[in-house]
Amino acid sequence: MKLKPLADRVIIQPAAAEEVTVAGIIIPDSAKEKPLKGTVLAVGTGTKDEEMVLKEGDSVLYGKYAGTEIEFDGEKVLIMRQNEVLAVIC
């Protein structure tokens with residue numbers, strides 16, 4: 001990835017929203033729940049107070065309103081601080 005986060009920030013690729021149908025009706029993308037799971041694409045170097053425990057390739061869970069969504073090279077990614085990540089999926 002050509003984007004390198006600074007300090008204790010990470011870049012996360014959100015998991016695709018699941019296709020949901022209700023009684024044969026397909027829910028449009030705008031009404032789908034935002035996924036709360038993703039994959040770490042890049043990590044910063046950490047700070048003197050906080051060591052980076054996340055690494056590239058980790059599957060993680062994060063809060064509903066965590067991070068900032070940006071579009072880079074045609075794909076939407078999230079940039080957030082490491083402490084906004086709730087858990088690593090083992």
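Which residues make up the largest nonpolar core? In this predicted model, that core has 12 residues: V10, I12, V40, V43, M52, L54, V60, Y62, A66, L78, M80 and V85. The elements that contribute two or more residues to the core are β1, β4, β5 and β7. The points below cover the core, the salt bridges, a loop residue and a surface patch.

**Nonpolar core**
- In soluble globular proteins, nonpolar side chains tend to be buried together.
- L78 is one of the 12 core residues.
- Leaving aside residues up to four places away in sequence, L78 touches V10, I11, I12, P14, Y62, A66, T68 and E69.
- Among these contacts, V10, I12, Y62 and A66 are also listed in the core.

**Salt bridges**
- Side chains of opposite charge can pair when their charged atoms come close.
- How many salt bridges does a search of the whole structure find? The search finds 2.
- One of them joins the side chains of R81 and D8, with a distance of 2.7 Å from N to O.
- R81 lies in strand β7 (residues 75–81) and D8 lies in the segment before β1 (9–14), so this pair ties together parts that are 73 residues apart in sequence.
- R81 counts as partly exposed because its relative accessibility is 34%.
- D8 has a relative accessibility of 5%, so D8 counts as buried.
- A salt bridge also joins the side chains of D58 and K55, at 3.3 Å from N to O.
- Is D58 buried or exposed? D58 is buried, with a relative accessible area of 9%.
- K55, the partner of D58, is exposed, with a relative accessible area of 51%. The cut-off for exposed is over 50%.

- K48 is found in the loop between β4 (37–43) and β5 (59–62).
- K48 counts as exposed because its relative accessibility is 82%.
- In sequence, K48 and D8 are 40 residues apart. In space, the distance between K48 and D8 is 9.8 Å, C-alpha to C-alpha.
- D8 is the residue that meets R81 in a salt bridge.

**Nonpolar surface patch**
- Which residues form a nonpolar patch on the surface? The patch is formed by L61, L86 and I89.
- Together, L61, L86 and I89 have about 260 Å² of accessible area.
- L86 lies in strand β8 (residues 85–89).
- At 62% relative accessibility, L86 counts as exposed.

Conventions
Residues are numbered from 1 along each chain as its sequence is written. This is a predicted model: local features need pLDDT of at least 70, side-chain atom pairs count only at pLDDT 80 or more; totals for chains, interfaces and linings use all residues. Side-chain values use heavy atoms; hydrogens and water are left out. A salt bridge is a side-chain nitrogen of Lys or Arg within 4 Å of a carboxyl oxygen of Asp or Glu. Helices (H or I, at least four residues) and strands (E, at least two) are DSSP runs, numbered from the N terminus. Buried means under 20% relative accessible area, exposed over 50%, partly exposed in between (1.4 Å probe, protein chains only). Patches are made of residues with over 30% relative accessible area and no salt bridge: like charges are joined within 9 Å, nonpolar side chains (Val, Leu, Ile, Met, Phe, Trp, Tyr) within 5 Å. Accessible areas come from the Shrake-Rupley method with a 1.4 Å probe; for residues, only the protein chains shown count as cover. A nonpolar core is a set of buried Ala, Val, Leu, Ile, Met, Phe, Trp, Tyr and Cys residues joined through side-chain atoms within 4.5 Å. Contact means heavy atoms within 4.5 Å.
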